[in-house]
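These are my notebook entries on one predicted model. I set down what I looked up, entry by entry.

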Amino acid sequence: MGSTGTVLRELRGAQKSAKGVSLYSRYVNRPAGRVLAAGAYRAGLTPNQVTLISGLFTYGALASVTLVEPSWALAVLVYAALAVGFAFDSADGQLARLTGRGGPDGEWLDHVVDCGKLLLVHTAVLISFYRFGGLPSDTWLLLPLGFQLAAVVTFCAGLLREHLGKAAASAQGPSWAAAPAAPVSRVRAVVLLPADYGVFCLVFLLLGAPGAFRAGYAVLAVVHTLFLAAFLAKWFRELKALRAG
């Protein structure tokens with residue numbers, strides 16, 4: 001396909017829609033993923049191999065949270081590995097669209113790695129709280145469990161909304177599927193920032209100050225729970241409207 005610059009131009013032309021994407025994913029994670037996808041293409045990697053690299057960075061970072069006593073050095077290393085893992089998570093799909101080598105197996109593997117990430121990230125926090133936290137109360141151990149519940153339900157409900165929506169579009173026929181898409185909203189992109197995984201990863205930069213980390217993590221847990229309630233209501237209304245249509 002030519003030089004790295006040519007590959008990057010091809011990748012920019014094959015981006016997914018920015019609808020429903022936060023500013024972080026649009027202007028930070030996707031461009032970083034594009035650079036990694038170009039590098040992976042030049043190295044001859046497959047999209048599935050890029051997915052596994054994403055998992056190695058992410059799972060390795062979270063394993064260190066459970067095994068190593070919190071410090072500022074750990075905070076920087078964990079955040080860096082999580083951010084790189086998230087960028088590779090974007091790169092695998094971009095590489096698949098560039099090469100035409102995507103398929104059900106790749107989508108399945110990507111979702112499996114993502115699901116494991118959501119389970120492990122809060123389990124890692126729970127273990128770190130228990131081993132190193134010096135918690136003011138054991139009640140704090142319930143916080144990662146509640147956050148994990150909100151994260152997993154959001155992930156699974158969102159996937160179901162997507163697949164049930166596609167099934168309804170197929171059943172309704174071409175005229176329904178061809179309905180014009182709503183324009184990308186900059187306000188929505190800003191509002192979605194607190195729910196973005198990349199923004200969530202920033203809280204790990206506070207690992208060197210356990211009290212500040214607990215406070216930041218608790219705030220994000222509340223925010224994600226509120227987003228879950230809003231998403232569930234929205235998705236339920238949308239699916240009900242599809243049935244009526």
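**Entry 1: the cavity lining**

I began with the largest cavity and found that helix H5 (104-132) and helix H10 (210-244) each supply at least two residues of its lining. I take helices (H or I, at least four residues) and strands (E, at least two) as DSSP runs, numbered from the N terminus. A cavity here is a set of points, on a 1 Å grid over the protein atoms alone, where a 1.4 Å probe fits but cannot get out; lining residues have an atom within 4 Å of a point. Its volume is the space filled by probe spheres set on the points, with grid points joined across faces, edges and corners.

I noted one cavity of 30 Å³ or more in the structure, and the volume of the largest is about 60 Å³. The lining consists of Pro70, Ser128, Phe129, Phe132, Gly133, Leu207, Pro210, Phe213 and Arg214. Sorted by class, that lining has six nonpolar, two polar and one charged residues. The classes are nonpolar for Ala, Val, Leu, Ile, Met, Phe, Trp, Tyr, Cys and Pro, charged for Asp, Glu, Lys and Arg, and polar for the others, Gly among them.

I also recorded the basis of the work: the model is predicted, local features need pLDDT of at least 70, side-chain atom pairs count only at pLDDT 80 or more, and totals for chains, interfaces and linings use all residues. Residues are numbered from 1 along each chain as its sequence is written, and side-chain values use heavy atoms, with hydrogens and water left out.

**Entry 2: the overall fold**

I counted ten helices and zero strands in the protein. Of its 245 residues, 40% are buried; buried means under 20% relative accessible area, exposed over 50%, and partly exposed in between (1.4 Å probe, protein chains only). I then turned to contacts (heavy atoms within 4.5 Å). Of those between residues at least 6 apart in sequence, 81% join residues at least 24 apart.

**Entry 3: the nonpolar cores**

I looked up the nonpolar cores, each a set of buried Ala, Val, Leu, Ile, Met, Phe, Trp, Tyr and Cys residues joined through side-chain atoms within 4.5 Å. The largest has 30 residues, and Val78, Leu82, Phe200, Phe204, Leu207 and Phe213 have the most contacts inside it. Two or more residues come from each of helix H3 (47-67), helix H4 (72-99), H5, helix H9 (197-201) and H10. H4 contributes the most, with eight residues.

A second, separate core has seven residues, including Val50, Phe88, Ala91 and Leu95.

**Entry 4: helices H3 and H5**

I compared helix lengths with the expected span, 1.5 Å times one less than the number of residues. The 21 residues of H3 should span 30 Å at 1.5 Å a residue, and the end C-alpha atoms are 30 Å apart, which agrees. H5, with 29 residues, reaches 41 Å from its first C-alpha to its last, close to the 42 Å expected. Just after H5, I noted that Gly134 takes a positive phi of about 55°.

The buried residues of H3 include Val50, Thr51, Thr58, Ala61 and Leu62. The buried residues of this helix pack against helix H2 (23-43), H4, H5 and H9.

**Entry 5: single residues**

Is Asp110 buried or exposed? I found Asp110 in helix H5, and Asp110 is buried, with a relative accessible area of 16%. Beyond residues up to four places away in sequence, Asp110 touches Thr51, Asp89 and Asp92. Its C-alpha is separated by 8.8 Å from that of Gly93, 17 residues apart along the chain.

His224 belongs to helix H10 and counts as buried at 15% relative accessibility.

Thr99 lies in helix H4 and counts as partly exposed at 28% relative accessibility. Residues up to four places away in sequence aside, Thr99 touches Tyr41 and Pro47. Thr99 and Tyr41 are 58 residues apart in sequence and 8.4 Å apart in space, C-alpha to C-alpha.

Last, I checked Val153 in helix H6 (residues 142-172). Val153 is partly exposed, with a relative accessible area of 31%, and its C-alpha is 7.8 Å from that of Leu228, 75 residues apart along the chain.

Notes. On a 1 Å grid over the protein atoms alone, a cavity is a set of points where a 1.4 Å probe fits but cannot get out, and a pocket is an open set with protein on both sides within 12 Å along at least five of seven lines; lining residues have an atom within 4 Å of a point.
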